[in-house]
Amino acid sequence: MTDILQKNCSFISKSNDSLAKKLNNIVSFNKDITLDTNLVGEYNLFVEGIPLHSITGAQDEAKNIAAAVAHNDYGTIHVIYGLGLGYLADEFIQSLKGKVVVYEPDLEVLAFVLSAVDFSDNLKTERLFIVSDLKELQDILYKIYRYKSNATFSYLDYYKTHSKGFDKFVEWLKKELVLIEH
């Protein structure tokens with residue numbers, strides 16, 4: 001376990017101990033996961049040779065997605081499908097109000113990224129939550145939802161195109177948010 005992963009897991013365990021334990025148990029990766037730079041020199045994550053972020057500007061991509069968010073108040077829960085290298089989560093924490101919940105269903109990607117990128121500053125705000133399965137997400141949503149909270153849903157294009165469970169997740173999230181709100 002890298003020092004960065006250990007540091008991230010120490011913060012994650014405060015709100016999601018089961019994820020921290022799963023991450024600690026990963027010892028090798030079965031997928032080809034690499035870091036490289038995009039056309040503007042920013043780091044980009046590649047899974048099986050496919051970039052997760054824009055090759056023309058990952059930070060601009062994150063800013064554009066955050067700027068398009070419909071609700072932005074302290075009661076808002078922003079759900080993000082996929083962590084990538086965290087550009088989107090970082091932008092949401094920096095520029096939006098409310099809580100941010102990142103759902104990354106690929107434990108290998110999650111372990112790789114949390115071993116390479118220090119999220120501790122964002123995690124210590126207690127506004128960023130990271131989950132890897134629907135039960136963890138449900139638990140966090142019930143924990144942070146407040147009366148009349150609004151919810152938003154965002155994602156990187158990679159996840160909509162390359163994640164097999166994306167459409168089912170969207171259906172599940174819509175139903176879950178209706179249950180929570182009533």
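## The antiparallel sheet

In this predicted model, strand 2 (residues 43-47) pairs with strand 3 in the antiparallel sense, over two bridges. If you want a landmark for that pairing, look for Phe-46, which stands opposite Pro-51 in strand 3.

Zooming out, three strands make up an open sheet with the order 1-2-3 and antiparallel pairing. Its edge strands are strand 1 (33-37) and strand 3 (50-51), each of which pairs on one side only. As background, strands of a sheet pair through backbone hydrogen bonds, in either a parallel or an antiparallel way.

Helix 5 lies across strand 1 and strand 2, and it runs at about 50 degrees to strand 1.

Is Asp-106 buried or exposed? Asp-106 counts as buried, because its relative accessibility is 17% and the cut-off for buried is under 20%. A polar atom of the Asp-106 side chain also lies 3.0 Å from the backbone nitrogen of Glu-108.

## Thr-2 and helix 1

At the other helix to visit, Thr-2 is found in the segment before helix 1 (3-15). Its side chain has a polar atom 2.9 Å from the backbone nitrogen of Leu-5. Thr-2 counts as partly exposed because its relative accessibility is 35%, which falls between the 20% and 50% cut-offs. From Thr-2 to Gly-84 there are 82 residues in sequence and 18 Å in space, C-alpha to C-alpha.

Leu-5 itself is buried, as are Asn-8, Cys-9, Phe-11 and Ile-12 in helix 1. What do the buried residues of helix 1 pack against? Their partners are helix 2 (17-24), helix 5, helix 6 (120-123) and strand 6 (128-131).

## The nonpolar core

In soluble globular proteins, nonpolar side chains tend to be buried together. Here, the largest nonpolar core has 58 residues. Which of them touch the most other members? They are Leu-23, Phe-92, Leu-114, Leu-128, Ile-130 and Leu-137.

Leaving aside residues up to four places away in sequence, Phe-92 touches Ile-65, Ala-66, Val-69, His-78, Ile-80, Val-100, Arg-127 and Ser-154.

Notes: Residues numbered from 1 in each chain as written. Predicted model: local features only at pLDDT ≥ 70, side-chain atom pairs only at ≥ 80, totals over all residues. Heavy atoms only, no water. Buried < 20%, exposed > 50% of the residue type's maximum accessible area, 1.4 Å probe, protein only. Polar contact = N/O pair within 3.5 Å; in protein donor to acceptor, adjacent residues only side chain to side chain. Pairing = 2+ DSSP bridges. Helix = DSSP H or I, 4+ residues; strand = E, 2+ residues; numbered from the N terminus. Contact = heavy atoms within 4.5 Å. Axes fitted to C-alpha atoms, helices over the stretch in contact; angles between N-to-C directions. Core = buried A, V, L, I, M, F, W, Y, C linked by side-chain atoms within 4.5 Å.
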